[in-house]
Amino acid sequence: MILHTSIQGSGEPLLFLHTGLQTGNTDFQYQQNFFKDSYKVFAPDLRGTWSVAF
C-alpha cells in the first residue's frame, strides 16, 4: 500500500491525522501553512481516502 503524505517546513516533527472517513490531508491545509514555518509538518492520507493506492 502506498500512502500519499504532504510534508512541509522544517524543524521538530508535527503529525496531523484525519479520521479517514471521506477526508484527507487537505483537511489540514490551513494548519499546515501556519505551522510549517516552525515545524516539519506531516499529513498522510490514511486508508479510505482517494490518494491511497493498493
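Here are some numbered notes on this predicted model, going from the overall layout down to a few single residues.

1. Start with the big picture. The protein chain holds 1 helix and 3 strands, and reading from the N terminus the elements come in the order β-β-α-β. There are 54 residues in the protein chain, and 28% of them count as buried.

2. If you take the contacts between residues at least 6 apart in sequence, 73% of them join residues at least 24 apart.

3. The 3 strands make an open sheet in the order 1-3-2, and the pairing is mixed. Strand 1 (5-9) and strand 2 (12-15) are the edge strands, each pairing on one side only. On average, neighbouring strands in this sheet are turned by 20 degrees against each other, ignoring direction.

4. What does "mixed" look like here? Strand 1 and strand 3 are antiparallel and share 5 bridges. Strand 2, on the other hand, runs parallel to strand 3 (residues 39-44), and 4 bridges join the two.

5. A few bridge partners are handy if you want to trace this on screen. From Gln8, go across to Val41 in strand 3, its bridge partner. Pro13 has Lys40 of strand 3 as its bridge partner. When you look at side chains, remember that in a regular strand they alternate between the two faces of the sheet.

6. Lys36 deserves a look. You'll find Lys36 in the loop between helix 1 (29-35) and strand 3. Which residues does Lys36 touch, leaving aside neighbours within four places in sequence? The contacts are Gln8, Gly9, Ser10 and Val41. Lys36 and Gly9 sit 27 residues apart in sequence, yet their C-alpha atoms are 4.2 Å apart in space. Lys36 is partly exposed, because its relative accessible area is 31%, between the 20% and 50% cut-offs.

7. Then there are the aromatics. The count comes to 4 aromatic pairs. One of them is Phe16 with Phe35, a tilted pair at 6.2 Å centre to centre with 50 degrees between the planes. Phe16 is in the loop between strand 2 and helix 1 while Phe35 is in helix 1, so this pair ties together parts 19 residues apart in sequence. Phe34 and Phe35 form another pair, edge-to-face this time, with centres 5.0 Å apart and planes at 90 degrees.

8. Ring pairs link Phe16, Phe28, Phe34, Phe35 and Tyr39 into a cluster. How accessible are the members discussed above? Phe16 is buried, because its relative accessible area of 13% falls under the 20% limit. Phe35 comes out at 28% and is therefore partly exposed. Phe34 has 62% relative accessibility, over the 50% limit, so Phe34 counts as exposed.

How values were computed:
Residues numbered from 1 in each chain as written. Predicted model: local features only at pLDDT ≥ 70, side-chain atom pairs only at ≥ 80, totals over all residues. Heavy atoms only, no water. Pairing = 2+ DSSP bridges. Axes fitted to C-alpha atoms, helices over the stretch in contact; angles between N-to-C directions. Buried < 20%, exposed > 50% of the residue type's maximum accessible area, 1.4 Å probe, protein only. Contact = heavy atoms within 4.5 Å. Phe/Tyr/Trp six-rings, centres within 6.5 Å; stacked < 30°, edge-to-face > 60°.
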